[in-house]
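I wanted to go through this model and jot down which side chains meet which. These are my notes, in the order I looked things up.

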Amino acid sequence: KKNKIKKTDRLIGINVNASNFAKQRRWPMENFIKLTDSIIEEYGKIKIVFTGSKEELFHVDKVVKPIKRKRNIVNLAGKINLKQLAVLMKRFKFFISNDSGPLHLAVAMNCPTISFFGPETPILYAPKNSNHTVFYKKFRCSPCITVYNAKNTTCKDNICLKAITPKEVMNDINKRMSRLR
């Protein structure tokens, strides 16, 4: 089977989605593409596992399609259930995700994470220990999704997430990978 996960594979999980409830929580697609290409270029034999529900498959495919080295990609969006995802998270070296349900599942599974916050506050919702890196740029308008506005926002340009660069995320990944060797 194409791009099958073997027991010996080193895995990194990526969730490019946030629920339809708040798409503003998505780090830009092009950033996920650049980051994935950088990880593969730097670490060669690593496998990148993309996750998501059937409803999120279209969005995941838009990220996966332009990635250069497809042999390093396993797209499981719409192909596994929540229980299977939880089991798989035990194998991830770390899980990269927007602020979303899968991020919190990874934390519950004791999987190290890298996460992106902006529209919602990391003060209340981000993982809290040293296994987790939280990227957050404090803009005047951030957080814009709060209990004070019934979690409704008028934001059309999530500059708070666009300000987080693939390069700074890659710097964190390089530190993590050097500790894993």
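**Entry 1: Lys137 and its surroundings**

I started with Lys137 and listed its contacts (heavy atoms within 4.5 Å): leaving aside neighbours within four places in sequence, Lys137 touches Phe117, Ser142, Cys160, Ala163, Ile164 and Glu168. A note on the source before going on: this is a predicted model, where local features need pLDDT of at least 70, side-chain atom pairs count only at pLDDT 80 or more, and totals for chains, interfaces and linings use all residues. Residues are numbered from 1 along each chain as its sequence is written, and side-chain values use heavy atoms, with hydrogens and water left out.

Lys137 is found in the loop between β6 and α6. My helices (H or I, at least four residues) and strands (E, at least two) are DSSP runs, numbered from the N terminus. I also checked Pro122, which is 15 residues from Lys137 along the chain; their C-alpha atoms are separated by 10 Å.

Lys137 comes out partly exposed, at 26% relative accessibility.

**Entry 2: Salt bridges**

Side chains of opposite charge can pair when their charged atoms come close. My rule for a salt bridge is a side-chain nitrogen of Lys or Arg within 4 Å of a carboxyl oxygen of Asp or Glu. How many salt bridges does this rule give? The count is four, and I noted down some of them.

Lys137 forms one with Glu168, at 3.1 Å from N to O. Glu168 lies in helix α7 (residues 166-180) and Lys137 in the loop between β6 (132-136) and α6 (159-162), so this pair ties together parts that are 31 residues apart in sequence. Glu168 is partly exposed, with a relative accessible area of 23%.

Asp157 and Lys162 make another salt bridge, and their closest N and O atoms are 2.4 Å apart. I have Asp157 as partly exposed at 39% relative accessibility, and Lys162 as partly exposed at 44%.

Arg176 and Asp172 also meet in a salt bridge, at 2.8 Å from N to O. These two residues are four apart in helix α7, so about one helical turn separates Arg176 from Asp172. Arg176 and Asp172 are both buried.

Arg176 lies over the face of Phe94, at 5.4 Å from the ring centre.

**Entry 3: Nonpolar cores**

In soluble globular proteins, nonpolar side chains tend to be buried together. I took a nonpolar core as a set of buried Ala, Val, Leu, Ile, Met, Phe, Trp, Tyr and Cys residues joined through side-chain atoms within 4.5 Å. The largest one has 31 residues, and those with the most contacts inside it are Ile39, Ile48, Phe50, Ile96, Phe116, Val169 and Ile173. At least two residues of this core come from each of β1 (11-15), α1 (29-43), β2 (47-51), α2 (57-64), β4 (92-98), β5 (113-117), α6 and α7. Which element gives the most? That is α1, with six residues. Another core, of 13 residues, lies apart from it, and Val49, Val74, Ala86 and Ala106 are among its members.

**Entry 4: Rings around Phe116**

For ring pairs, I took Phe, Tyr and Trp (its six-membered ring) with centres within 6.5 Å; planes under 30 degrees apart are stacked, over 60 edge-to-face, and the rest tilted. The structure holds five aromatic pairs. Trp27 and Phe116 are stacked, at 4.1 Å centre to centre with 20° between the planes. Trp27 sits in the loop between β1 and α1 and Phe116 in strand β5, 89 residues apart. Phe32 and Phe116 are edge-to-face, at 5.8 Å centre to centre and 80° between the planes. Phe32 lies in helix α1 and Phe116 in strand β5, so this pair ties together parts that are 84 residues apart in sequence. Trp27 and Phe116 are both buried, and Phe32 is buried as well. Trp27, Phe32, Phe116 and Phe135 form one aromatic cluster.

**Entry 5: Cysteines**

Last, I searched the whole structure for disulfides (a pair of cysteine sulfur atoms within 2.5 Å) and found zero. Cys111 is buried at 1% relative accessibility, and Cys160 is buried with a relative accessible area of 5%.

How values were computed: Buried means under 20% relative accessible area, exposed over 50%, partly exposed in between (1.4 Å probe, protein chains only). A charge sits over a ring if NZ of Lys or CZ of Arg is within 6 Å of the ring centre and within 35 degrees of the ring normal.
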